[in-house]
Protein chains: 2
Amino acid sequence: MKGIIFVIDGMGDRPMKELGDKTPLESANTPSMDKMVTEGITGIMDTIRPGVRPGSDTAHLTLLGYDPYEVYTGRGPFEAAGVDLDVEPGDIAFRCNFATADDDLTITDRRAGRINSRTDEIADTINQMKIDDNVEIIFKESDAHRGVLVLRGEGLSDKITDADPKHEGNKPKIVKPLDDSDEAKYTADVVNQFVNKSYEMLKDHPVNIERIENGEHPANIVLPRGVGAVPQITPFEEKYGLKGACVAETGLIQGIAKLAGMDIIHVPGATGGINTDIDSVHKHIIDTVKSDKYDFILVNVDGADEAGHDGDTIGKRDFIEKIDPIMKDLDAMDDIVLFVTADHSTPVSIMDHSGDPVPVFLKAPGLRVDDVTEYGERAAAKGGLCRIRGSDVIYIIRDLMNEMPKFGA
Amino acid sequence: MKGIIFVIDGMGDRPMKELGDKTPLESANTPSMDKMVTEGITGIMDTIRPGVRPGSDTAHLTLLGYDPYEVYTGRGPFEAAGVDLDVEPGDIAFRCNFATADDDLTITDRRAGRINSRTDEIADTINQMKIDDNVEIIFKESDAHRGVLVLRGEGLSDKITDADPKHEGNKPKIVKPLDDSDEAKYTADVVNQFVNKSYEMLKDHPVNIERIENGEHPANIVLPRGVGAVPQITPFEEKYGLKGACVAETGLIQGIAKLAGMDIIHVPGATGGINTDIDSVHKHIIDTVKSDKYDFILVNVDGADEAGHDGDTIGKRDFIEKIDPIMKDLDAMDDIVLFVTADHSTPVSIMDHSGDPVPVFLKAPGLRVDDVTEYGERAAAKGGLCRIRGSDVIYIIRDLMNEMPKFGA
């Protein structure tokens with residue numbers, strides 16, 4: 001038996017007038033998922049707890065059986081792991097933007113003209129930065145204008161503010177300690193020096209000289225944010241005895257899976273948006289599930305969340321419809337325990353995550369099939385799973401896989 | 001957006017033969033609440049956890065987001081705050097009865113002839129009591145035969161028994177320490193001295209001499225019970241960033257709201273019973289909800305609980321019907337998130353609180369409206385909220401108010 005958690009990121013929503021008081025999922029034409037719901041068992045789920053608005057990171061950690069209140073201090077560590085930096089527990093990690101600053105460090109473009117080439121050369125330069133002997137500076141470019149920064153050493157803390165001013169026309173924010181510890185004061189000082197030195201090292205960088213010559217904004221400063229301390233995470237396989245893989249589109253989800261010790265399946269053409277190469281995503285999901293190498297697969301497709309953030313009702317509905325053929329192939333498989341869910345709701349009307357519960361269904365042998373016949377938020381609330389929590393999922397799946405130890409005699 | 005928790009105290013009940021196997025709520029004619037349920041989302045709620053019989057105090061603390069297992073040691077502190085005594089964390093507080101004792105301290109009337117005047121003069125005398133230099137005696141009369149006692153000083157404990165013998169014909173109970181600490185032994189001794197001294201100071205009090213002349217029972221002894229240590233409670237506004245007010249009928253609920261730092265709206269004519277001035281209650285609720293001063297309002301109406309305790313089936317049903325017009329006015333308002341509930345069930349057949357879950361409904365913009373069309377215990381169990389906990393409520397409301405921070409990214 002194989003276990004699969006299939007996350008349709010941000011799928012949960014609220015009824016919308018333009019869809020005849022239906023949600024995008026209720027409105028979507030999803031014959032395969034409806035058939036699986038009819039033959040399976042459904043319910044609603046609070047990923048963290050009722051009313052709590054999960055991030056995708058805290059939600060996925062919870063679904064994999066980790067307590068986000070223990071292991072989550074910020075997004076940085078997961079982004080860093082997602083670009084294949086070998087982070088270590090205790091490292092302080094940040095998401096960064098390459099940005100454009102003028103001479104007095106006023107930020108004129110937070111995305112450096114959405115630079116999308118030669119950021120590896122800029123990263124090489126940053127990696128030569130020295131601040132003092134106590135701290136190692138590790139930097140890696142990510143996609144487009146994004147990168148990650150890791151500080152490694154003794155006496156560091158993640159209890160500090162961000163440097164990113166969020167809006168153009170401002171200078172980088174002075175990073176401040178959030179508590180009275182020497183570690184926080186020292187780390188804030190290191191990050192402030194990092195920001196200033198990044199400008200000194202990058203302002204005349206050959207890549208930027210060429211960009212300026214071409215009329216493009218130079219990537220002449222680095223702005224860290226999303227600070228977090230890399231947590232000690234018990235590997236998934238050690239925790240559950242299941243060899244895991246992750247098929248996901250975004251570095252954030254890949255980073256979570258990587259920190260949990262899972263193999264990452266890279267999907268060419270995956271964008272994390274509604275324009276993703278869905279055929280490539282489809283193929284890699286099915287190939288991974290069919291592979292003999294894995295007992296457990298975490299799947300994440302991201303387009304519905306992106307459409308929710310963008311306020312794109314029809315795009316969200318249509319993207320959900322694009323998932324349905326993948327489900328058809330999974331429906332044809334025996335010997336799988338498949339848990340289909342969202343990680344959180346991203347209502348189009350809110351354009352952000354909400355605390356609304358998400359609709360879930362299970363496909364597995366031996367289920368107590370209920371009488372729900374379509375996949376939707378309100379239909380699922382009548383299902384046989386009633387209302388569960390995200391932290392229950394890994395237990396339910398392992399039980400249906402016959403992998404749960406008996407508690408007692 | 002404003003948040004409202006509207007508690008119909010003790011409303012939950014069980015099916016009764018005399019109501020054609022309906023509960024008082026199911027039997028009540030509540031067209032406005034039925035309409036709101038039809039247009040909203042319903043469910044059942046275990047205020048503390050399934051099967052746990054909540055007091056009104058622990059239930060309300062939970063609904064406001066406080067853990068009663070942390071902050072609740074007894075009723076005294078909330079009663080004391082409810083009569084506007086400025087209690088401080090660490091104070092030991094008691095509810096008290098003025099009672100009638102004869103010469104050998106046998107209690108002949110636990111309520112001193114239900115005395116209802118000049119108890120302030122008696123309280124003035126009690127406030128002059130000195131036991132020793134370590135402890136300050138603070139006393140205040142409440143309504144009718146009730147009062148509150150606060151002990152303030154170092155080395156006090158709430159781990160002691162009650163003095164109230166509960167039944168006439170007995171002497172006050174000797175208060176005993178509940179653990180081996182010096183603090184508990186000392187505090188028990190102080191309370192025993194307090195009871196004896198109260199008789200010495202009150203037996204010839206002018207108010208009592210006049211009562212005896214008038215053939216009334218004198219209030220010549222004070223019986224403390226419901227001991228608790230005043231907890232450190234993070235103010236509601238500090239916790240949630242919402243300025244709160246409380247419209248309630250009883251000192252207990254007012255005291256909880258006061259300790260949470262909320263403004264107390266006094267309602268002339270409110271009795272806490274089925275005979276309350278419902279028009280005054282109605283007006284003060286609506287005025288408070290409409291006031292620009294508040295983001296959050298806790299409402300409590302108490303008659304259904306009283307009728308439950310009194311075994312008054314028809315009184316309970318009729319009182320629930322009296323609430324319906326208040327709901328009609330709330331239904332007409334936009335931009336509110338209204339959570340209607342009981343704090344616990346008080347089945348008429350039990351004449352006390354039970355652990356049965358309570359029926360709840362939500363009115364708010366953007367809800368996933370379910371297909372329940374009437375407000376009742378069993379109809380609510382089929383609703384789209386399924387089964388939630390009291391501790392979820394403040395999260396759900398804040399999420400619907402768009403006041404919840406995101407946990408993660």
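Analyst: Helices (H or I, at least four residues) and strands (E, at least two) are DSSP runs, numbered from the N terminus. By that rule, A:Arg152 is placed in strand S7 (residues 146-153) of chain A.

User: What kind of model is this, and how are things labelled?
Analyst: This is a predicted model, in which local features need pLDDT of at least 70 and side-chain atom pairs count only at pLDDT 80 or more, while totals for chains, interfaces and linings use all residues. Residues are numbered from 1 along each chain as its sequence is written, chains are lettered from A and ligands numbered from 1 in the order in which they are written, and side-chain values use heavy atoms, with hydrogens and water left out.

User: Back to A:Arg152: which side chain is joined to it by a polar contact of 3.5 Å?
Analyst: That of A:Glu88. A polar contact is a pair of N or O atoms within 3.5 Å; within protein, one must be able to donate a hydrogen and the other to accept it, and residues adjacent in sequence count only if both atoms are side-chain atoms.

User: Now strand S9 of chain A: is it enclosed or open?
Analyst: Five of the five residues of S9(A) (residues 244-248) are buried, so the strand is largely enclosed by the rest of the structure. Buried means under 20% relative accessible area (1.4 Å probe, protein chains only).

User: Which residues lie on each side of S9(A)?
Analyst: A:Gly244, A:Cys246 and A:Ala248 are on one side, with A:Ala245 and A:Val247 on the other. In a regular strand the side chains alternate between the two faces of the sheet.

User: Which strands pair with S9(A)?
Analyst: Strand S11 (residues 296-301) of chain A pairs with S9(A) in the parallel sense over five bridges, and A:Phe296 is the bridge partner of A:Gly244. Strand S10 (residues 263-265) of chain A also runs parallel to S9(A), joined by three bridges. Two strands pair if DSSP finds at least two bridges between them.

User: Changing topic, how much area do chain A and chain B bury between them?
Analyst: About 2,300 Å², 52% of it on carbon and sulfur atoms. Buried area is the accessible area (1.4 Å probe) that two parts lose on being put together, summed over both.

User: How many salt bridges are counted between chain A and chain B?
Analyst: Four. One of them links B:Asp371 and A:Lys382, with the closest N and O atoms 2.5 Å apart. A salt bridge is a side-chain nitrogen of Lys or Arg within 4 Å of a carboxyl oxygen of Asp or Glu.

How values were computed. Buried < 20%, exposed > 50% of the residue type's maximum accessible area, 1.4 Å probe, protein only.
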